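Hello,

Here is the structure I promised to hand over. Please take a look, then read on for what turned up.

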Amino acid sequence: MDERHLLNELMKAVAEEAEEFSVRPYFPGLSKFAAFAYVAQGFGYRYVGHAPGTAALNNPFFLFARMPDARERVAALQAVHGDSRGRTPLPGMRPGLGLTPVPEVRPQVDLLHSRMVVDASGRYSPRVLSNVLLLPLVMAVFLLFPGYTVERVIVALGIWLVFLFLYFVGLVVTRLRRARHLARLSAALGE
């Protein structure tokens with residue numbers, strides 16, 4: 001379902017020759033979305049990053065900008081792959097399997113995936129920590145109604161400590177993933 005939605009947005013942008021378009025992926029993980037970004041490049045739209053104003057959202061919009069040779073790319077795809085029904089197969093993807101890259105383009109899709117992971121890791125910001133640090137205030141308000149007891153305060157403190165622990169675990173995991181994907185991007189630029 002989501003693949004169809006993304007491809008419909010891409011084809012709408014191609015037909016309108018829009019200068020840019022933004023989409024929000026709804027399926028879990030960025031691997032399939034990186035494959036979509038590869039397909040978008042085949043149709044003349046380059047992945048730019050998060051759309052302005054949405055980077056802080058849990059599920060931000062991703063921006064694609066039209067490349068100068070977009071019209072030529074589409075014409076070349078249709079000339080090579082166009083059939084009698086007027087449908088163009090997805091460039092670099094296995095026919096009939098949606099956004100599943102062929103082995104030859106897997107390295108380029110992996111680089112797009114790494115770029116997206118690096119972009120996404122920037123969302124793990126002090127804003128997230130401020131939300132965790134504000135949680136005791138919210139809990140205090142909710143404890144006001146039933147009344148403060150030692151047991152309720154200890155439960156609230158335990159819940160807050162779990163959230164604080166999860167924040168730090170998430171921070172470590174995010175930094176490790178970012179470092180791994182930055183190394184992959186650096187190695188690709190060094191080649």
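In which helix is Phe 36 found? Phe 36 sits in helix H2, residues 31–42. Helices (H or I, at least four residues) and strands (E, at least two) are DSSP runs, numbered from the N terminus.

Two notes on the source. This is a predicted model, where local features need pLDDT of at least 70, side-chain atom pairs count only at pLDDT 80 or more, and totals for chains, interfaces and linings use all residues. Residues are numbered from 1 along each chain as its sequence is written, and side-chain values use heavy atoms, with hydrogens and water left out.

Back to Phe 36. Its relative accessible area is 0%, so Phe 36 is buried (under 20% relative accessible area; exposed is over 50%, partly exposed in between; 1.4 Å probe, protein chains only). Setting aside neighbours within four places in sequence, Phe 36 is in contact with Leu 6, Leu 7, Leu 10, Phe 21, Val 23, Phe 64 and Leu 99. Contact means heavy atoms within 4.5 Å. Val 109 is 73 residues from Phe 36 in sequence, yet 8.8 Å away in space, C-alpha to C-alpha.

Now the whole protein. Of its 191 residues, 36% count as buried. Among contacts between residues at least 6 apart in sequence, 67% join residues at least 24 apart. The C-alpha trace spans about 75 × 40 × 30 Å along its principal axes. The protein has 6 helices and 3 strands. Along the sequence they follow the pattern α-β-α-β-β-α-α-α-α.

Best wishes
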